[in-house]
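Here is a friendly walk through the model you have open. Keep the viewer at hand and follow along.

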Amino acid sequence: MNSPLPASRSVLSRHSTSTDRALSRRTLLTSAGALGLGGLLAACGGSDDDPSEGQAGASTSGGPWSFKDDRGTTVRTDSTPKRIVAFVGAAAVLHDFGIECVGVFGPATLENGEPDPRAGNIDVKKVTNLGNTYPQFNVERYASLRPELLVAQMTEPPALWYVPEESAKKIESLAPSVGILTTKSSLTEVIGRFAELAASLGADVDSAELSTDRTTFETASDHLRRTTGSGARLKVMAISAAPDLMYVANPDDFTDLRYYKSLGIDFVTPTKLSEGGFWHQLSWENADTYDADLILVDNRPGTLQPADLAKAEPTWARLPAVRAGQIFPWVNEERFSYAGYGPRIDDLAAALEKSKKTA
């Protein structure tokens with residue numbers, strides 16, 4: 001996953017048993033994983049103290065391979081890893097860049113067996129799934145894959161997304177790992193880091209297909225920039241909804257929102273944040289704390305959607321943006337690739353073009 005879920009009971013039932021702990025650590029899945037990983041980094045590589053270490057280095061012809069990840073750890077292997085296991089979102093990005101994984105962990109399939117959107121264009125029937133929900137991670141099956149590298153996103157380094165605290169030490173002992181930070185950063189920087197990793201693993205990041213994806217992304221970004229620069233300047237609020245609380249996102253903490261802000265979107269910026277950042281928690285009685293012309297609603301499983309809110313929360317129905325029908329899904333777990341975000345940005349620009357000032 002790309003960013004922390006709010007601590008709603010529906011989400012906590014899947015990821016954690018302590019609301020306070022989840023809020024204080026910013027993420028439900030990696031809230032204590034950092035404690036189990038700190039002592040393992042030395043086994044996976046070097047540190048920033050080695051002046052010979054660059055961001056990435058590789059020999060795709062069979063020689064030594066290395067990559068410096070966003071923990072500041074340089075992973076080194078005798079040859080370029082081929083048997084890669086990754087969190088499903090990271091695997092989807094690597095797939096877009098031309099690198100296939102032998103196994104994934106995290107939400108790859110829906111309850112009906114269909115591919116989860118977070119799997120991107122991966123053929124989920126052709127990869128081994130080590131566990132579809134947190135904290136599922138079949139360590140024995142992982143070992144049987146003979147992994148040469150594990151790749152995961154991070155919201156709070158050094159904890160790796162969806163790697164369970166209780167089995168992190170065993171998992172880390174079976175193969176070196178790479179963590180890519182996906183919060184409080186530039187969207188283009190995160191995509192660039194995945195591109196660097198993919199290139200080091202042998203991907204042709206200058207291929208015609210990837211050039212087309214990059215052009216689509218850049219064209220969509222220009223579309224959004226033009227949209228925000230014309231007409232009335234709209235106020236946009238990104239939220240995640242739970243039965244008891246509405247969570248208003250701080251745009252600077254979310255990589256995608258930060259990028260949209262750089263293109264000109266005028267986001268609501270909360271005046272108060274939870275410990276650790278990311279959200280301002282509001283009771284539904286105070287849902288009108290911030291004025292917004294367009295509301296982006298987190299569409300992840302475990303969160304309430306506009307149809308649910310219309311039935312359950314009277315204050316939601318009274319919000320000006322809701323009355324105007326100016327609501328747009330916030331795909332908060334999109335894969336960090338040009339192919340993933342290009343269409344999202346273009347759709348957001350179109351939603352802004354259709355929206356008007358509500359006051």
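## Glu-140 and the ground rules

Glu-140 is exposed because its relative accessible area is 64%, and exposed here means over 50%, buried under 20% and partly exposed in between, with a 1.4 Å probe and protein chains only. You will find Glu-140 in helix 6, residues 139–144; helices (H or I, at least four residues) and strands (E, at least two) are DSSP runs numbered from the N terminus. Between the C-alpha atoms of Glu-140 and Ile-171 there are 9.5 Å, although 31 residues separate the two in sequence.

Please keep in mind that this is a predicted model, in which local features need pLDDT of at least 70 and side-chain atom pairs count only at pLDDT 80 or more, while totals for chains, interfaces and linings use all residues. Residues are numbered from 1 along each chain as its sequence is written, and side-chain values use heavy atoms, leaving out hydrogens and water.

## The chain as a whole

The protein chain holds 14 helices and 14 strands. It has 359 residues, of which 56% count as buried. A contact means heavy atoms within 4.5 Å. Taking contacts between residues at least 6 apart in sequence, 70% join residues at least 24 apart.

## Two nonpolar cores

In soluble globular proteins, nonpolar side chains tend to be buried together. A nonpolar core is a set of buried Ala, Val, Leu, Ile, Met, Phe, Trp, Tyr and Cys residues joined through side-chain atoms within 4.5 Å. The largest such core has 85 residues, and those touching the most other members are Phe-97, Phe-105, Tyr-260 and Leu-296. A second, separate core has 19 residues, including Met-237, Val-268, Trp-284 and Val-322.

Leaving out residues up to four places away in sequence, its contacts include Val-236, Met-237, Ala-238 and Ile-239. Leu-257, Phe-267, Phe-328, Trp-330 and Leu-348 are also among the residues that Leu-296 touches.

Helix 8 covers residues 187–200, 14 residues in total, and spans 20 Å from first to last C-alpha, close to the 20 Å expected at 1.5 Å a residue. The expected span is 1.5 Å times one less than the number of residues in the helix. Among the buried residues of helix 8 are Leu-187, Val-190, Ile-191, Arg-193 and Phe-194. Just after this helix, Gly-202 takes a positive phi of about 110°.

Helix 14 has 17 residues and reaches 24 Å between its first and last C-alpha, close to the 24 Å expected at 1.5 Å a residue. Its buried residues include Tyr-338, Tyr-341, Ile-345, Leu-348 and Leu-352. In the segment after helix 14 sits Ser-355, which is buried because its relative accessible area is 11%. Beyond residues up to four places away in sequence, Ser-355 touches Leu-234, Leu-294 and Gln-326. Ser-355 and Ala-321 are 34 residues apart in sequence, with 9.1 Å between their C-alpha atoms.

## Two pockets

A pocket is an open set of points on a 1 Å grid over the protein atoms alone, where a 1.4 Å probe fits, with protein on both sides within 12 Å along at least five of seven lines; lining residues have an atom within 4 Å of a point. Grid points are joined across faces, edges and corners, and a volume is the space filled by probe spheres set on the points. The largest pocket has a volume of about 420 Å³. It is lined by 20 residues, and Pro-107, Leu-110, Asp-116, Arg-118 and Pro-301 are the closest to its centre. The lining divides into 6 nonpolar, 6 polar and 8 charged residues; Ala, Val, Leu, Ile, Met, Phe, Trp, Tyr, Cys and Pro count as nonpolar, Asp, Glu, Lys and Arg as charged, and the others, Gly among them, as polar.

The second largest pocket holds about 220 Å³ of space. Of its 16 lining residues, Thr-227, Ser-230, Ala-232, Leu-234 and Leu-352 are the closest to its centre. Helix 9 (208–228) and helix 14 (338–354) each supply at least two residues of this lining.

## Pro-329 in strand 14

Pro-329 lies in strand 14, residues 327–330, and counts as partly exposed because its relative accessibility is 42%. Apart from neighbours within four places in sequence, Pro-329 is in contact with Val-297 and Asn-299.
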